[in-house]
Amino acid sequence: MSTNDQSPVHYDAVVIGAGFAGMYMLYKLRQLGLTARVYERGDDVGGTWYWNRYPGARCDVESLEYCYSFDPELEQEWEWTERYPGQPEILRYAQHVAERYDLYRDIQFNTMVTKAAFDDDTGQWQVSSAPAVNHIDHNHAPNDDDTDHVTAQYLITAVGCLSSSNVPDIAGVDTFQGEVCHTGRYPKEGIDFAGKRVGIIGTGSSGIQAIPVIAETADHLTVFQRTPQYAIPARNHPLDPAEQAEVKADYHRLREQNKTQQGALGARFDWNEGSVLDVEVEEAFKEFEARWEIGGFAFLGAYSDIARTPEANHVAADFVKQKIRETVQDPEVADRLIPTTYIGCKRLVLDTDYFKTFNRDNVTLVDISENVIDEITPDGVRLTDGTRYDLDVIVFATGYDAMTGSLLRINIQGRGGLPLAEQWYAGPRTYLGLGVPDFPNMFTITGPGSPSVLANMIVCIEQHVDWIGDCIDYMRANGHRHIEATEEATEAWVDHVNLVASYTLYPTCNSWYLGANIPGKTRVFMPLPGFPDYAEKCEQVAAAGYEGFALIPS
Ligand code: NA7
């Protein structure tokens, strides 16, 4: 593929990323008879589930719902072993899919796309790639010496919403003598915590999953918490074969029903339409208790106004706060673990024994909300007030530059060399989360402005890939060479996303949905709440001849 003295190899489509989105996109492109090349930074498929190998890594969507539906034979034959799939099982599933549909041959691993530029003269995308550089920080630039170039008619990004790791810029991190890792870039060979003094920074979903598991083997675990977080028991358990068979017997209907749910999941839960404010607190707590026992996101389905109305939210939050106080033996530690934000404002975490872990003698909770980490020293961590913690291992569970980070890390340029970073200087601007004005023939799978992280990702991925496939098919059938989101439709869509978010409590806290976890990032609410309305809008747009997009003939 080296192209020094020849013209670059041309593909109908270049796909960036071989996670669940990239794999299904490749499958779809092949079905359409198109040539495609997929570039992947890792050395295997799986995306998020390739990188997130930290102890306790598990999906918060149930196995039977967190899998493809495009092939009835696949969904019938694959057997899940647990209610919620762990990282190794999801990775095995991804590998099975890649083998089953012979996807590997069109995927180039260990490769980063460094630049993708639309060429105004040829009307094609010019894509440059280089060997991936392995580093704790995903944003680390690869070496430019060994760059390959190809061209493509379509550029399809399947980079994932949570794949650009956020490693805080803390002075001295390079001087640390022990082992350092980020949960989203966890070493394949694992880390042996036995007998070690471990520090973990971050108490989001990754931290909350990892903490109980690391605490079991570490000599001592120090948890550095900036913001306390709500967590609901996952109640994971081995999947009963009879339950699996029952779901599979009715799979199609359940899948279709999921698509009518706001989060495209949980069709088997009871989603109560009523208001928590219409019942006595005792009755509401009884309902929450029942759902606490079931485990998982069913908790949020207890009443319909928890995510919308502050007073309703308080009732649900109070229930969880009471649970934390009942579980954590030291009242002072319990106080520090109690969140002050609305429940669900940051993504609700499903946990296994998280709060209980703080009753262990070998676990210390350190509040760094004000007394922040000032420096990482060769021996550990020093806080602003001078307190030192000697450590052998530091685990960053500090999350991601979500939704836009992985796209902006690539030097993507649209018409006239316009950098995507410039088009998005005031926050991401997309039409339907799928297209960007001035970036013809570029599709962003689960891009900002689509439900993505607020819904079952696999459902969102399939919906986007199907839509993109249909769109390309339509273009070819009708002699269109380019498709491009219009400025007006994009403007209106960005306003729409903001309006829908404003009806919820999501924008009220410093979450990664808003980009608030990344210093200097423009605060814009990036995902769109509500899968069913969104999917309907996408269908309407397509049925109206791709309304809001400009279609340019060959
Ligand atoms: P999250 O949810 O972004 O959590 C990151 C955690 O790291 C969170 O507690 C942050 O505190 C903390 N953090 C981030 N930066 C710092 C710095 N500089 N200092 C101290 N603490 C910091 O990421 P996860 O990987 O846990 O989960 C991501 C998603 O994956 C999750 O929502 C699921 O969808 C799956 P903060 O709350 O910002 O104060």
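A polar contact is a pair of N or O atoms within 3.5 Å; within protein, one atom must be able to donate a hydrogen and the other to accept it, and residues adjacent in sequence count only if both atoms are side-chain atoms. The model is predicted: local features need pLDDT of at least 70, side-chain atom pairs count only at pLDDT 80 or more, and totals for chains, interfaces and linings use all residues. Residues are numbered from 1 along each chain as its sequence is written, and side-chain values use heavy atoms, with hydrogens and water left out.

View 1. A polar side-chain atom of threonine 227 lies 2.4 Å from a ligand oxygen atom. For arginine 226, a polar side-chain atom is 2.8 Å from an oxygen atom of the ligand. Glycine 204 places a backbone N or O atom 3.4 Å from a ligand oxygen. The protein buries 85% of the 770 Å² that the ligand exposes when taken alone (Shrake-Rupley method, 1.4 Å probe).

**View 2. Residues around the ligand.** The ligand is surrounded by 19 residues (a heavy atom within 4 Å). The closest are Ser205, Ser206, Arg226, Thr227 and Lys346. The shell has seven nonpolar, nine polar and three charged residues; Gly counts as polar.

View 3. Strands 13 and 14 (residues 380–383) pair over four bridges, and glutamate 375 stands opposite arginine 382 in strand 14.

Note on methods. Pairing = 2+ DSSP bridges. Helix = DSSP H or I, 4+ residues; strand = E, 2+ residues; numbered from the N terminus.
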